[in-house]
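Please look over the sequence and the structure below before reading on.

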Amino acid sequence: MMQLQGLYKTFNPGTPIENPALRGVNLDVGAGEFVTVIGSNGSGKSTTLNAISGDLLVDSGQILIDGKDVTRLNAWQRAGMVARVFQDPMAGTCEALSIEENLALAWQRGQRRGLGRAVRADLRALFRERLKDLNLGLEHRLSDRMGLLSGGQRQAVSLLMAALQPSRILLLDEHTAALDPRTADFVLQLTARIVAESKLTTMMVTHSMRQALDVGERTVMLHQGQVVLDVSGEERARMDVPDLLHMFEQVRGEKLADDALLLG
Amino acid sequence: MSMLSFMGALEIGLIFALVALGVWISFRVLDFPDLTADGSFPLGGAVAAVLIVMGYNPWLACVAAMVAGAAAGLLTGWLNVRLGILQLLASILTMIALYSINLRIMGAPNVPLLGEATVFSPFLGDNDSYWMQPLVLLVIILLVKLVLDWFFASQMGLALRATGANPRMARSQGIPTGRVVMGGMALSNALIALGGALYVQTQGGADVSMGLGTIVIGLAAVIIGETLMPSRSLFVITLATVVGAVLYRLFIALALEADFIGLKAQDLNLITAVLVAIALVLPRFKARWRKKPAKAAGPVAGGRS
């Protein structure tokens, strides 16, 4: 389904602030698989997601989606295959546009845009139906500006937008991190539901080990730009957060000192 | 104000409504501070004047002017998108280059159009030009406004608005933002050049220096429109822009006509700058006035600031 082969990416090469973010990331994700990605700050998890979405191009290595080499395609060219929800609720939607206009943009993700009306009556009915599923009362606020919604509501709409058109891969970049615990929980449950309904191949970056083990069916840990841990199935089902920490120490042969990873 | 000078102000105001709509697209929709207007307005005038003098149909001359303006906008967009030159600087480069190009096109610092057939000629009788010209312009401008309203409600138009509002999100929805910016800049400057083409046909000729301050007037019109008719509806926003352009010219005409102030025609640019400065600052003061009573309402209302 998706293969990442030997991805390398260095920021600011040849300068004092040179930062090798990816140092040979290899990952093979099967169709319909839900992978959670963890790692400390600077481990390369966001860079990996940006590399998959095309927001940045890797220095070397190959990215295959459905056997198609997309390594050199940029973000808008990959949009038909890759849907994305950002960490910042402001980033994934247009606050100046209405809810229905945002959904209309997502409805045409990866397609040619012509001179036909963007928000038609049939689409409006469809949007209303989908929004109703969220149970947030947004189905009555189609023409409201996106900027009027709360962070949680915006992330919920972002998820809806990501699932509006079939895509090969859904990328979730700490999309609950900016929300309060209750809203985060709601968005997470919604994520699980939408992913299951649409049978999406999903990669979710999270800062919480708890979340990483609870959601999805496979967990990958990145460290210093490489995949250092990859657990799934029985082995993963039996794991708890301390086990994950222990394994991490074993793999790296060093004591984990980053508090950020222990949180959650 | 006499009827004649009122109609004159209305006429120029309507022409500058096209400029204002173009400026609105670059500054407001695309969030692209674009000074190309000072070059694309006389470019449109130069192309139209030269073609009309050569005997071409004046409508065809207008279309040619729009194409030329679109090319100018495309150049600015390209300098920014593909070569990574800062938006403002890219547009200044195009503007400066256009000064030479306009002189080349005209072959002289000015091209008179006295006695030539213009787009207004078929509508003009012997003595009614003072109200017929503004009427023809009004029809043209309203048509342009409605076409823009329709365009911005289309899939392409929505993509353009998303590109200006949140380019990263637009890209993740598969919108080629670079191309969209170039296309939007072409559209913006095509409208401004059309304004230039109509301007020379009402003023009896093209002049190389006629573009001076175009961008400031366009921006003034946009801001006046926004201040007087704040709205989120596209239909109202484009209408407000047109109204702002007309009102602006009427203000100027009034300021120049009021003898007791002692202003003369040569003070035009100074008045423009002052008016734009006031229009730019006004919304901020308005917000401050609004905040004050909220603070007075008590600690609950004031808690967030």
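A nonpolar core is a set of buried Ala, Val, Leu, Ile, Met, Phe, Trp, Tyr and Cys residues joined through C-beta atoms within 7 Å. A residue is buried if 20 or more other C-beta atoms lie within 10 Å of its own, exposed if 12 or fewer, and partly exposed in between, with C-beta atoms placed from the backbone. This is a predicted model, in which local features need pLDDT of at least 70 and side-chain atom pairs count only at pLDDT 80 or more, while totals for chains, interfaces and linings use all residues. Residues are numbered from 1 along each chain as its sequence is written, and chains are lettered from A and ligands numbered from 1 in the order in which they are written.

**The core**
- The largest nonpolar core has 160 residues, and among those with the most contacts inside it are B:A17, B:A49 and B:L194.
- Helix α1 (residues 3-29) of chain B provides the largest share of this core, 16 residues; helices (H or I, at least four residues) and strands (E, at least two) are DSSP runs, numbered from the N terminus.
- Not counting residues up to four places away in sequence, B:A49 touches B:M106, B:V111, B:L113, B:V200, B:G205 and B:A206, where two residues are in contact if their C-beta atoms, placed from the backbone, lie within 7 Å.

**A sheet in chain A**
- Four strands of chain A form an open, antiparallel sheet in the order β2-β1-β4-β5; two strands pair if DSSP finds at least two bridges between them.
- β2 (19-29) and β5 (68-69) of chain A stand at the edges with a single partner strand each, so one side of each is left without a neighbour in the sheet.
- Strand β1 (residues 2-11) of chain A pairs with β2(A) over eight bridges in the antiparallel sense, and A:T10 stands opposite A:P20 in β2(A).
- β1(A) also pairs with β4(A) in the antiparallel sense, over five bridges, and here A:M2 stands opposite A:I65.

- A:A162, which lies in helix α5 (residues 151-164) of chain A, is buried because 28 other C-beta atoms lie within 10 Å.
- Leaving aside neighbours within four places in sequence, A:A162 is in contact with A:A83, A:R84, A:V85 and A:L170.
- Helix α6 (residues 181-198) of chain A has 18 residues and reaches 26 Å from its first C-alpha to its last, close to the 26 Å expected, the expected span being 1.5 Å times one less than the number of residues.
- Buried residues of α6(A) include A:F186, A:L190 and A:V195, and the buried residues of this helix pack against β3 (34-38), α5, β7 (169-173), β8 (201-205) and α7 (209-214) of chain A.
- Just after α6(A), A:K199 takes a positive phi of about 50°.

**Where the chains touch**
- In the contact between the chains, 27 residues of chain A meet 20 residues of chain B.
- On the side of chain A that touches chain B, α3(A) gives the most, with four residues.
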